[in-house]
Amino acid sequence: MTDLTETPASRTDTEVIVSVRNLKKHFPIMGGLFRRQVSAVRAVDGVSFDIHRGETLGLVGESGCGKSTTGRVLLQLDDATSGSVFFEDQDLTTLSTGAMRRVRPRAQMIFQDPHASLNPRMTVASIIGEPLREHTKMGPVERRDRIDELLSIVGLDPSHANRYPHEFSGGQRQRIGIARAIALNPDFIVCDEPIAALDVSIQAQVVNLLEELQESLGLTYLFISHDLSMVRHIADRVAVMYLGHIVELTDVESLYDNPKHPYTEALLSAVPVPDPRAEDIRKRVILEGDLPSPSNPPPGCVFNTRCPIAEQRCSSEVPEWREIRPAHWVACHFAE
Amino acid sequence: MSASNPQTVLEVSGLKTHFHTQDGTVHAVNGVSFDLHQGELLAVVGESGSGKSVTMMSLLRLIPMPPGEIVGGTAEFADEDLLQLPPEELRKVRGGQIGFIFQDPMTSLNPVLTIGRQITEPLLLHTDLDKNGAKERATELLDMVGIPDAKARLKAYPHELSGGMRQRVMIAIALACSPEIIIADEPTTALDVTIQAQIVGIVKDLRERLDTAVIWITHDLGVVAGLADRVLVMYGGRIVEEAPVRDLYATPLHPYTQGLLASLPRLDQKGQELVSIPGQPPSMYAEPSACSFAPRCPHAFDRCFSEVPDLVEVRPGHRSACFWDVENERPRA
Ligand SMILES: Nc1ncnc2c1ncn2[C@@H]1O[C@H](COP(=O)(O)OP(=O)(O)OP(=O)(O)O)[C@@H](O)[C@H]1O
Ligand SMILES: Nc1ncnc2c1ncn2[C@@H]1O[C@H](COP(=O)(O)OP(=O)(O)OP(=O)(O)O)[C@@H](O)[C@H]1O
Ligand code: SF4
Ligand SMILES: [Mg+2]
Ligand SMILES: [Mg+2]
């Protein structure tokens, strides 16, 4: 087990289900005459956090900051470059293929694009039945019953089980993906932008379904999204990522009402609010410039090139990941 | 308001566009009418497939024909009907008096031409500027949309710029000939919020300085709240509500708009339950013969399933296409 004295959860009595320590994922960039590795995309560059049983941890940040990669490495869909991912008391990064296969049913993923993540040539019944065939000893009849049950749970008509994905709308396809993810009674689900591809009027349907399932099945979620308003709605705690690093992590109220990292503050202030009166009086921190390249991150604090309060030391000294108040973690020299 | 009123720069009436496909006729735009006033920012919202892009692209005949066909309507601009203009005349309007910004700058910027070439081209085509004059103006434009080191950037190719910078180049191109109208189709959807905030800031600022009318298509009701003067809400190829921005958010009149606003979580408020709109968007294959929202509408009654509601003015400047009187909770007279 990890050393709990230095974990974000140390001062709460909630049970930790997933514990990530100094996790890195670098993708090699090949080049030159012999196609050797010339550098690397530092997609995830040393992140540490815990996920508590039964909670929803939101993971937010702009495109390319490493959210999906974090989720994929957590579930070992990609290998970690270094660091560890504890699921209960097992470090998944050290497990054999066979041992990982036994963990797999308990930790699942829901993908962003319901069009791309479902095999167009398989019926809905075979898509949802696949994990049941692979990981359980259910016979055909029992499996069929379970598929019907799963379809009703996610609000689809069991009589449509023999249809193909293209016969469903985007929101319905996302429900199929959810049914597949919960088929094996998992404890933990990584939801990677589960509503990003859906129409606004359909997003609420899917989010409400995810919340109901969490309640009835006792699920734990890592909810990856760039929609900060939706994350405020669904998450208990939120981690903010920038260029492969988590820069702030705390409960929803503290993060949104009292952000301590200048990036979190700028990000929140940039999100438009659907209310003209509120928009008129809001103060904006407009960040200058663009996101630096993750293959050549700035030295010191990764945010220093765009930070409105950066000082000399920010471009040389890496800020420590500090717990400035109980359960409020920030990586900024000036946060207090 | 009529086209003779000096304030109205564009008057669209009864626009209908179809696509003839293998699966049948897509009724993409089903009788859309609206005015655009000088210097205003008119936002167009609605779900995917509701006809936002096809409406605006039809005005400049930018839809592929076939399969597309503009079946009816008029679009009065500068005392002429855009839909009847001969091709050469229309080319002068496009990129000259009316600028268009597309959602994905990568598909509308030419990857093998420098940024400078792409900005100077419309200038050489539509203005009297010579090559040097055009270059100077191009530098000015890039500067205006906040691209640092503008002069050097003229030599850059699109792939050498970030997404946000490419979108700014698109704005610069649209602005090149000082158009009277800019039509922007989801110009910030593909961008991150911090970059989106930069672009929105630039457009607000430019509009104040140049008094250009802007049509801004988006699905983001947050962006609309901070940017628009007036809003058109589209559903099923029709405008179902039209209102000044504050009225729309304070007292939405159409059940679809009400549902849409209720289904949005808010950054500045926590924890209410999200009210979702049940059901799915309508199929576009049939000519509408009822309210397209009726199958999803909490107020629908007999009439909604047998007649298409007209867009009628309920309050000054605030129109809704609905048979239900939401304020008095009874069928409309
Ligand atoms: N298989 C891969 N090979 C090389 N680089 C990769 C790979 N997958 C991701 N990356 C890079 O790693 C970085 C992080 O990508 P990731 O997909 O995790 O970002 P994200 O935060 O999920 O972004 P988005 O919001 O756009 O989904 C990016 O620079 C991306 O280009
Ligand atoms: N080239 C085409 N061929 C056939 N149908 C088309 C074509 N272009 C658009 N359509 C259809 O016309 C309808 C309106 O599409 P439009 O692109 O205007 O929607 P939109 O409101 O802009 O949606 P989005 O928010 O997704 O951009 C849709 O049903 C669409 O499928
Ligand atoms: S016309 Fe009828 S169905 Fe349509 S929105 Fe109004 S009440 Fe609802
Ligand atoms: Mg991602
Ligand atoms: Mg569109």
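Which residue of chain A forms a salt bridge with Arg246(B)? It's Asp280(A), with the closest N and O atoms 2.3 Å apart.

## Ground rules

This is a predicted model, where local features need pLDDT of at least 70 and side-chain atom pairs count only at pLDDT 80 or more, while totals for chains, interfaces and linings use all residues. Side-chain values use heavy atoms, leaving out hydrogens and water.

## Where A meets B

Let's start with the interface. Here 40 residues of chain A are in contact (heavy atoms within 4.5 Å) with 42 residues of chain B. Together the two chains bury about 3,500 Å², 60% of it on carbon and sulfur atoms; buried area is the accessible area, taken with a 1.4 Å probe, that two parts lose on being put together, summed over both.

The rule finds two salt bridges across this interface, each being a side-chain nitrogen of Lys or Arg within 4 Å of a carboxyl oxygen of Asp or Glu. Nine residue pairs, both residues at pLDDT 80 or more, are in polar contact across it. H6(A) gives the most to the side of chain A that touches chain B, with seven residues. By class, that side has 18 nonpolar, nine polar and 13 charged residues.

A polar contact here is a pair of N or O atoms within 3.5 Å; within protein, one must be able to donate a hydrogen and the other to accept it, and residues adjacent in sequence count only if both atoms are side-chain atoms.

## Around ligand 3

Over in chain B, the residues surrounding ligand 3 (a heavy atom within 4 Å) include His254(B), Cys291(B), Phe293(B), Cys297(B), His299(B), Cys304(B), Cys322(B) and Trp324(B). The shell has ten nonpolar, two polar and no charged residues. Nonpolar covers Ala, Val, Leu, Ile, Met, Phe, Trp, Tyr, Cys and Pro; Asp, Glu, Lys and Arg are charged, and the others, Gly among them, are polar.

Methods:
Residues numbered from 1 in each chain as written. Chains lettered and ligands numbered in written order. Helix = DSSP H or I, 4+ residues; strand = E, 2+ residues; numbered from the N terminus.
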